[in-house]
Amino acid sequence: MAAIVGRRPLAAPLRAGAFVVRVYRAPEPGSAAARPPVTPRAVAAPARTGTAAPAPAPADSGLVRLNKRMADLGLCSRREADDWIAQGWVRVNGEVAGMGVKVGAADAITVDREARGQQARQVTILLHKPMGYVSGQAEDGHQPAVTLIRPETHWRGDTSAHRFQGSQLRGLAPAGRLDIDSVGLLVLTQDGRVARRLIGEDSSIDKEYLVRVQYGAVVQDVQAVFPTAALARLRHGLALDGQALKPAEVDWQNPEQLRFVLREGKKRQIRRMCELVGLKVVGLKRIRMGRVVLGQLPPGQWRYLGESESF
């Protein structure tokens with residue numbers, strides 16, 4: 001530390017030779033204090049270019065809510081994360097996390113065994129939905145498909161080690177809907193990770209359908225009269241609700257039936273796509289979601305997703 005010593009007169013008289021000592025820390029070279037003061041005249045006004053200066057980044061830039069971070073990591077769904085946080089089962093950097101806390105990529109997130117145990121008890125069920133049932137909540141007098149999940153409709157060919165319990169119906173929800181006139185593979189799950197993988201915003205899981213069609217009055221050998229250019233539009237070139245559709249795989253399975261493979265799921269998408277090219281859907285069946293197939297599961301019956309299966 002450097003010291004500066006100087007003399008200056010004081011308001012009260014002092015003895016001859018008295019002086020005042022001022023001691024201060026010398027500023028670091030290059031610091032603001034070491035630079036000469038700037039007078040107002042030396043400050044130039046910013047030039048007006050017509051473009052506003054960029055706003056400073058928020059103080060929590062790069063941080064996200066803990067429940068979103070857990071879902072992005074594939075640990076659970078956001079709703080499930082909120083439940084775990086409320087139970088005190090989640091820690092951030094070793095500390096019990098509070099609801100609504102934000103985290104960064106470098107923060108360590110750990111989950112207690114209780115949460116893992118709860119997750120292990122969750123089930124995913126594959127149902128062969130028959131016509132006349134709605135996928136979600138009851139509507140217009142039609143029963144929801146979940147009412148078919150009963151011990152007596154459990155497929156005898158199921159090789160899963162799970163045994164049916166009433167608690168497995170709690171929170172069981174469809175992950176990818178089938179409309180009331182469609183049949184085939186319907187996935188119902190308690191596991192938020194499965195739901196996110198199948199119907200999340202970033203899902204890339206493909207779904208395969210067999211679609212029986214007619215073209216105007218033609219109900220037999222539709223393939224022979226349906227224009228090739230219209231088939232190409234089904235594959236790519238259509239839009240619904242003002243948005244272009246992703247490319248799809250569409251091929252003839254037989255003269256009256258098309259095979260669709262989609263990687264998105266707009267409401268009644270296949271029926272609306274067909275209408276745009278003059279086709280009428282008279283039968284629609286979903287036979288696959290990702291790597292999971294409907295297989296020999298009979299209509300109206302269900303089975304558990306096997307431990308070795310994944311979408």
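Residues up to four places away in sequence aside, E264 touches L245, K246 and Q269 (contact: heavy atoms within 4.5 Å). The model is predicted, with local features requiring pLDDT of at least 70 and side-chain atom pairs counted only at pLDDT 80 or more, while totals for chains, interfaces and linings use all residues. Numbering runs from 1 along each chain as its sequence is written, and side-chain values use heavy atoms, with hydrogens and water left out.

E264 lies in the loop between β15 (257-262) and α7 (269-276); helices (H or I, at least four residues) and strands (E, at least two) are DSSP runs numbered from the N terminus. The side chain of E264 reaches the backbone nitrogen of K246 at 2.7 Å. E264 is buried but has no salt bridge, and the nearest side chain of opposite charge, K266, is 5.0 Å away. Buried denotes under 20% relative accessible area with a 1.4 Å probe, protein chains only; a salt bridge requires a side-chain nitrogen of Lys or Arg within 4 Å of a carboxyl oxygen of Asp or Glu. For charge, Lys and Arg count as positive and Asp and Glu as negative, with His and the chain ends not counted.

Strand β10 (residues 183-189) is largely enclosed by the rest of the structure, because 7 of its 7 residues are buried. Pairing requires at least two DSSP bridges between two strands. β10 pairs in the antiparallel sense with β8 (residues 124-129) over 6 bridges, where K129 stands opposite G184. Strand β9 (residues 173-174) also pairs with β10 in the antiparallel sense, over 2 bridges, and P174 stands opposite L188. With β16 (residues 279-289), the pairing of β10 is parallel over 2 bridges; V183 stands opposite K285 in β16.

Terms used
Buried means under 20% relative accessible area, exposed over 50%, partly exposed in between (1.4 Å probe, protein chains only). A polar contact is a pair of N or O atoms within 3.5 Å; within protein, one must be able to donate a hydrogen and the other to accept it, and residues adjacent in sequence count only if both atoms are side-chain atoms.
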